[in-house]
Amino acid sequence: MTSLDDLPIRDDLRGLTPYGAPQLEVPVRLNVNENAYRVPEAVALDIVQEIARSLPDANRYPDREFDTLRAGFAAYLGHGLQPEQIWAGNGSNEVLQHVLQAFGGPGRSLLSFTPTYSMYPLLAQGVGMRWVPVPRAADFTLTPDAVRGAIVEHDPDVVFLCSPNNPTGTAIGLDVIEAAAEAARGIVLVDEAYAEFAHDRSQTALTLLDRFPRLLVSRTMSKAFAFAGIRVGYLAAHPAVVDALRLVRLPYHLSAITQAAAIAALRHSDEMLSRVDSLREQRDRIVDELTALGLQPYPSDSNFVLVGGIDDPKAAFQALLDRGILVRDVGLPGTLRITAGTPGETTALLAAMAALTGQ
Ligand SMILES: *Cc1c(COP(=O)(O)O)cnc(C)c1O
């Protein structure tokens with residue numbers, strides 16, 4: 001039997017493990033920061049009709065420039081953005097990959113501040129880039145000085161700033177992003193996958209795009225939009241950046257079905273986003289109630305909470321799973337990461353945590 005080790009794969013891929021959060025069929029799934037709410041039925045019907053309208057033309061390749069969808073994202077984001085400033089892909093992970101294919105690659109480096117999104121080093125690896133992890137302060141915050149200092153020291157080609165940050169929930173100030181954009185010689189991308197869940201949604205890097213042509217802001221429909229299963233992510237930047245990304249995308253990378261689904265969903269932004277406020281409340285409830293139990297949840301501007309003060313995260317993970325609740329052990333000592341669910345799911349989670357802590 002041939003195994004991976006016997007294959008002539010690239011030397012730099014040998015011994016690596018793929019991204020793989022467990023996909024288990026349990027009653028309460030709070031492990032990958034999905035939106036706990038299903039797509040509203042009326043919206044689902046409209047999406048199906050939009051897809052149905054596109055299907056007879058499926059003998060033709062889809063709109064390579066996805067013009068309608070780009071106009072939809074520009075309108076949704078606001079801030080005076082124009083369609084030529086928008087890019088999209090099959091999930092924002094693909095958008096990030098496009099960015100590294102165009103602006104990274106062999107001999108170049110990607111810098112980010114850890115702990116952060118576990119896909120960044122894998123995406124860098126995939127395009128043969130050097131990964132430069134710079135540790136955050138103990139409370140996971142970033143200051144303009146720390147960010148400027150790291151960029152001056154390492155002189156990276158690309159900087160990824162995740163805000164709010166996964167897996168810590170930490171939002172970074174616009175002053176930090178400005179410091180990065182001013183210090184960096186190359187590209188600075190702010191990954192705003194969780195922007196809609198922030199306490200102060202006006203603090204978005206979109207407001208800085210006019211001033212910094214090498215600043216990019218990525219978003220996704222996977223989290224706030226409850227659209228993880230469809231795979232749509234997008235980015236706003238200077239039109240020249242979008243031209244660069246066209247050089248590396250595969251032809252017709254967004255299928256007609258994906259485009260139709262996203263266009264229809266954007267028509268219903270308000271309904272798609274209607275549960276975001278409820279999820280923010282449950283997020284705050286997790287922080288408050290776990291603090292009362294004597295645990296140390298970190299402040300969060302996303303739809304999940306990193307909880308510290310857990311003596312044995314592996315045992316706690318298993319004990320929760322035994323009660324039908326799946327959370328995430330991201331490998332940070334003494335912590336588990338928990339996604340905010342519906343009020344009922346959150347109640348189940350909090351009751352289980354109370355039992356685990358002997359209360
Ligand atoms: C979930 C997530 C994404 C989005 O991934 P998609 O490919 O759009 O589903 C991007 N960045 C971060 C930090 C995330 O947590």
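**Entry 1**

I began with the loop between helix H2 (67-77) and strand S2 (86-89), where I found His79. This is a predicted model, so I read each angle as a computed value. His79 shows a positive phi of about 55°, although it is not a glycine. Is His79 buried or exposed, or does it fall in between? I looked up its relative accessibility, and at 47% His79 counts as partly exposed.

I then went to the loop between strand S7 (215-220) and strand S8 (233-236), which holds Ala226. Ala226 also is not a glycine, yet it has a positive phi of about 55°. Where His79 is partly exposed, Ala226 is buried, with a relative accessible area of 15%. The cut-off I used for buried is under 20%.

I placed Pro164 in the loop between strand S5 (158-162) and helix H6 (174-183). Pro167 is found in the loop between S5 and H6 too. A cis peptide bond joins Asn166 to Pro167, with omega about 15°.

**Entry 1: around the ligand**

How many residues surround the ligand? I noted 13, and the closest are Ser92, Tyr194, Thr220, Ser222 and Lys223. By class, the shell has four nonpolar, six polar and three charged residues. I looked at side chains next. Thr220 puts a polar side-chain atom 2.6 Å from an oxygen atom of the ligand. For Ser222, a polar side-chain atom also lies 2.6 Å from a ligand oxygen. Asn93 has a side-chain N or O atom 2.9 Å from an oxygen atom of the ligand. The ligand has 390 Å² of accessible area on its own, and the protein covers 94% of that.

**Entry 2: helix H12**

Last, I turned to H12, which runs over residues 343-356 and has 14 residues. From its first C-alpha to its last it reaches 20 Å, close to the 20 Å expected at 1.5 Å a residue. Which residues of H12 are buried? I listed Glu345, Thr346, Leu349, Leu350, Ala352, Met353 and Ala354. Their cover includes strand S1 (28-29), helix H10 (276-292), helix H11 (313-322), strand S11 (325-326) and strand S12 (336-339).

Terms used:
Residues numbered from 1 in each chain as written. Predicted model: local features only at pLDDT ≥ 70, side-chain atom pairs only at ≥ 80, totals over all residues. Heavy atoms only, no water. Near = heavy atom within 4 Å. Polar contact = N/O pair within 3.5 Å; in protein donor to acceptor, adjacent residues only side chain to side chain. Areas by Shrake-Rupley, 256 points an atom, 1.4 Å probe, with all protein chains shown as cover. Nonpolar A, V, L, I, M, F, W, Y, C, P; charged D, E, K, R; others polar. Helix = DSSP H or I, 4+ residues; strand = E, 2+ residues; numbered from the N terminus. Expected span 1.5 Å × (residues − 1). Buried < 20%, exposed > 50% of the residue type's maximum accessible area, 1.4 Å probe, protein only. Contact = heavy atoms within 4.5 Å.
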